[in-house]
Amino acid sequence: MLSIRGLGIALAIASLMAAPACNRRKPVVTPQPAPSVEAPPPVVTQPPAPPRATERVEDRQPAPLSEDTVADRSLDELNRNSPLRPAFFVLDSSDLDDAGRSVVTGNVDVLKKNPQWVVTIEGHCDERGTAEYNLALGERRAAAVKTYMVSLGIAPDRLRTVSYGKEFPFDQAHNEDAWSKNRRAHFVITAK
Amino acid sequence: MKRLRTHAVLLAILVAATGLWPLAAQNQNQQPEIELVIGGDGNSPPHYAIPDFVAASADATEIAQTISQVLWDDLAFEREFDLIPRDVYKSIPPARSPEQVPFASWREVGADAVFFGSVQRSGDKVVVQVRLFNVRTRQQVFSKEYSGTASNPRLYAHTVADEVHLQQRALKGVARTKLSFVSDRNRERLLGPIDNREVKEIYVSDYDGANQRRITTTRQLNLNPSWSPDAKSVAYSSYRNLTPQIFVSLIYQGVLETPTKSTTVSNMMPVFSPDGSKIAFVTNRDGNTEIYVMNRDGSNVRRLTNHPAYESTPTWSPNGQQIAFTSDRTGKAQVYIMNAADGSNVRRLTVSESEADRATWSPAPFNEIAYAGRTSSNGFDIKIHELATGMVRQITFGEGSNESPAYSPNGKHLAFTSTRAGGTQVFTIGRDGRGLKQITRSGNNQTPAWSQ
C-alpha cells in the first residue's frame with residue numbers, strides 16, 4: 001500500500017513537472033508567465049555572500065610504467081630473408097584457396113627440413129572492416145593456416161597463432177593493390 | 001525531506017531525458033528567498049556571459065584568462081546555456097570585485113547570468129574565487145573558492161563547469177572526465193623480427209583533448225582501452241607476450257595488474273562491469289573467439305557465448321544485467337544482446353545493417369546502443385539504436401570512415417574515430433549529431449573510451 005501511495009505521489013509530481021515541459025517542445029500559444037524584462041531590478045541591500053569553505057583542487061596525472069619488453073634480435077636476419085612465404089586471402093574470408101594452400105605446403109616443407117624451428121602464424125586484414133572485427137578475422141585466418149599445416153604433419157606445438165587485425169598493414173596505401181597484400185597469413189620464425 | 005529528495009531525483013531525470021528547462025518545476029521549489037536556478041526569457045535557455053577572470057596578483061593574468069576561456073568551452077560543450085559571444089561584451093569593463101558587477105550593462109547585452117572570477121597567485125599556489133549572478137535579480141546563486149597548484153589551471157574551470165551544470169541543470173557534466181585511446185604518434189618501431197611496424201601505446205587525455213599523455217611504454221601493440229567505473233584504472237590488451245593479454249593499469253599509481261597470463265591463447269577487448277567487479281572479454285581459448293567474463297583479478301572465469309561463429313566486442317548494459325556484442329553467425333558481423341549472468345536469451349539487435357560492430361550501451365537515462373554500421377564498401381558511420389522504439393538514427397554521414405563509438409558518462413556525447421581529417425583521429429559529437437569536435441591530431445588514434 002505504502003509503495004503504491006509513494007508511486008502515486010511521484011507520478012503526480014512527475015506530471016506536474018512534465019506538463020509545462022511538453023508545452024515547451026511545441027511552440028503553440030500557451031499562457032506563459034509574463035516576461036520579467038521590464039520589471040525594475042530589486043534593490044540589493046546586502047553584499048554578495050562570501051564563498052563557503054575553500055575547496056581543495058588537486059591535479060593528478062597518470063604515471064607511465066617502465067619499459068618491460070626485451071626482444072630477441074638474433075632471429076631478425078633470418079626473418080628478413082625468410083624462406084617462409086605469406087599466404088593471401090580474399091576479402092572477408094579465412095579460407096585458404098589453391099594458391100594459399102600451395103604456399104603453405106611449401107612452408108611445411110621448409111619446416112620439415114628445419115625441425116627445430118618454431119613459427120608464429122600472424123593473421124592480418126585490410127583496412128575495410130572495423131578495427132574490432134578484423135582482430136577476430138585475423139585470428140581466424142591464422143587458425144585456418146595452422147589447421148592446414150597440422151594436417152600436413154607439423155606438430156601443433158611448433159605453431160603459434162596471433163591476430164594483428166588491421167593494426168600492421170604491409171602496404172599503407174588505400175587501394176585494392178594494398179588491400180590484397182594486407183589480407184595475409186604472415187610467418188615469423190620465433191625459435192631455431 | 002523525503003519528498004524533496006524524490007522531487008530532485010525526478011527533476012534530474014526530466015532534465016536529462018528531455019533536455020528541457022523545467023520552469024514550473026522551479027516554482028514549486030520551497031526556497032522563497034533566493035531562486036538558485038537562473039532562467040532565460042520565455043522558452044529560451046538562459047544567456048550566459050563569462051568575462052575574463054580578474055588577476056588579483058600580477059603573475060595570475062595568464063591563469064585567469066585560461067580559466068575563463070576553458071570555462072566558456074566547458075559550458076559551450078554541454079549546450080545547456082546560450083553563451084553570449086565574447087565580442088559582444090568586449091566593451092564592458094571587467095568588474096574588479098563582486099560588488100562592482102555592472103548588472104545594467106550585462107542586461108543590455110541580453111545576459112541572464114554572468115560570472116565573476118578572480119585568481120590570486122603566490123608562487124605555485126593559486127586561489128580561485130568564482131561567483132555566478134542572476135543578472136535580473138542581481139542575486140548571487142553560486143559562490144566558491146578553490147585552491148591548489150598552478151600546474152593545471154584548466155582543472156579549476158572544469159570543476160566550476162561541473163558544479164554549475166549540476167546546480168543549474170541537475171546535469172552530470174563531463175568537464176573532469178577523461179578519454180583513453182590508442183595512438184602510434186611516437187613513431188617508435190616494434191622491437192623484434194619485423195622492422196617496419198609502428199608500436200601503438202595507450203594514451204589518456206582530458207575530455208577536450210588537453211593534457212594528452214602516454215600511459216604505456218611497452219614499445220609493442222596495445223589495444224582497446226576501457227576505463228574502470230572509478231576512473232582510476234584502464235584495462236587494455238597488450239601483445240608484449242606475443243598473444244594479446246589483458247592488463248589493468250592503475251594509472252595514478254603506476255601499478256599493473258595482469259588478470260590473464262596465457263602465452264598461447266589470446267585474451268582481449270576487456271570491459272569493466274558497471275560495478276567494477278567483473279571484466280567481460282574476448283578469448284579464443286576454446287578454439288574460436290567467444291565472450292567470457294571474469295572477476296577483475298582474473299578469478300572465476302565463465303564462458304558466456306558458445307558458437308562456431310566469432311563473438312567479440314562486448315559492452316555492458318547500465319545495470320550490468322545484459323551484454324551487447326558482435327557476432328558474424330549470419331555471415332556478417334551484427335550486434336546481439338544476451339543476459340550477462342549466463343549468456344542466455346540471445347537476440348539480434350541490428351536487423352537492417354549489412355554489417356555492424358562495436359556496440360556501446362548508453363548510460364541511463366538514455367536507453368540506446370551506438371555502433372558502427374557499414375554505409376559503403378570502404379567505410380562505416382555511427383548509428384544509434386533506441387531500444388524502446390527500435391528506431392535507428394544516423395549520427396555521421398559518410399565523411400571518411402567512422403568507427404568505435406563510446407558514450408560520455410552522462411550519455412549526451414559520443415567519442416569515435418574518423419578518417420575524415422587525415423589518418424585516423426578521435427572526435428567527439430553530441431548524441432544528436434551536433435557539436436563535432438576533433439580531439440587528436442598527431443599520428444593515428446583509435447578505439448576511444450570515455451571515463452566516468
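How many helices and strands does the secondary structure of chain A come to? Let's walk through that and a few other spots together, keeping in mind that this is a predicted model.

1. **Chain A as a whole.** The answer to the opening question is 5 helices and 5 strands. If you follow chain A along its sequence, the pattern reads α-β-α-β-α-β-α-β-α-β. Chain A has 192 residues, and 30% of them count as buried. Now look at the contacts in chain A with a separation of 6 or more: residues 24 or more positions apart account for 72% of these.

2. **Two helices that meet.** Two packed helices are described by the angle between their axes and the distance between the axes. The crossing of helix 3 of chain A past helix 4 of chain A is right-handed.

3. **Who makes that contact?** Which residues of helix 3 and helix 4 of chain A make the contact? From helix 3 of chain A come Arg101(A), Val104(A) and Val108(A), while helix 4 of chain A brings Val145(A), Tyr148(A) and Met149(A). Sorted by class, this contact of helix 3 with helix 4 of chain A has 5 nonpolar residues, 1 charged residue and no polar ones.

4. **An open sheet in chain B.** Strands of a sheet pair through backbone hydrogen bonds, either parallel or antiparallel. Chain B has an open sheet of 4 strands in the order 10-11-12-13, and the pairing is antiparallel. Strand 10 (222-227) and strand 13 (255-257) of chain B stand at the edges with a single partner strand each, so one side of each has no neighbour in the sheet. On average, neighbouring strands of this sheet are turned by 25° against each other, direction ignored.

5. Strand 13 of chain B pairs with strand 12 (residues 245-250) of chain B in the antiparallel sense, over 3 bridges.

6. Is Ala309(B) buried, exposed or partly exposed? Ala309(B) has 17 C-beta neighbours inside 10 Å, so it counts as partly exposed. You will find Ala309(B) in the loop between strand 17 (302-303) and strand 18 (311-316) of chain B. Leaving aside its neighbours within four places in sequence, Ala309(B) is in contact with Ser327(B), Asp328(B) and Arg329(B). Thr289(B) is 20 residues from Ala309(B) along the chain, and their C-alpha atoms are separated by 8.0 Å.

7. **A strand with two partners.** Strand 28 (residues 425-430) of chain B is mostly covered, with 5 of its 6 residues buried. Strand 28 of chain B runs antiparallel to strand 27 (residues 413-418) of chain B, joined by 6 bridges, and antiparallel to strand 29 (residues 437-438) of chain B, joined by 2 bridges. Thr428(B) is a handy landmark: it stands opposite Ala415(B) and opposite Lys437(B) in strand 29 of chain B.

8. **The two hairpins.** The hairpin of strand 27 and strand 28 of chain B has 6 residues between the strands, and there Gly422(B) takes a positive phi near 95°. The hairpin of strand 28 and strand 29 of chain B has 6 residues between its strands, and there Gly433(B) takes a positive phi near 85°.

Conventions:
Residues are numbered from 1 along each chain as its sequence is written. Chains are lettered from A and ligands numbered from 1 in the order in which they are written. This is a predicted model: local features need pLDDT of at least 70, side-chain atom pairs count only at pLDDT 80 or more; totals for chains, interfaces and linings use all residues. A crossing is left-handed if the near helix is turned anticlockwise from the far one by less than a right angle, and right-handed if clockwise. Two residues are in contact if their C-beta atoms, placed from the backbone, lie within 7 Å. Ala, Val, Leu, Ile, Met, Phe, Trp, Tyr, Cys and Pro count as nonpolar, Asp, Glu, Lys and Arg as charged, and the others, Gly among them, as polar. Two strands pair if DSSP finds at least two bridges between them. Axes are lines fitted to C-alpha atoms, for helices over the stretch in contact, and angles run from 0 to 180 degrees between N-to-C directions. A residue is buried if 20 or more other C-beta atoms lie within 10 Å of its own, exposed if 12 or fewer, and partly exposed in between; C-beta atoms are placed from the backbone.
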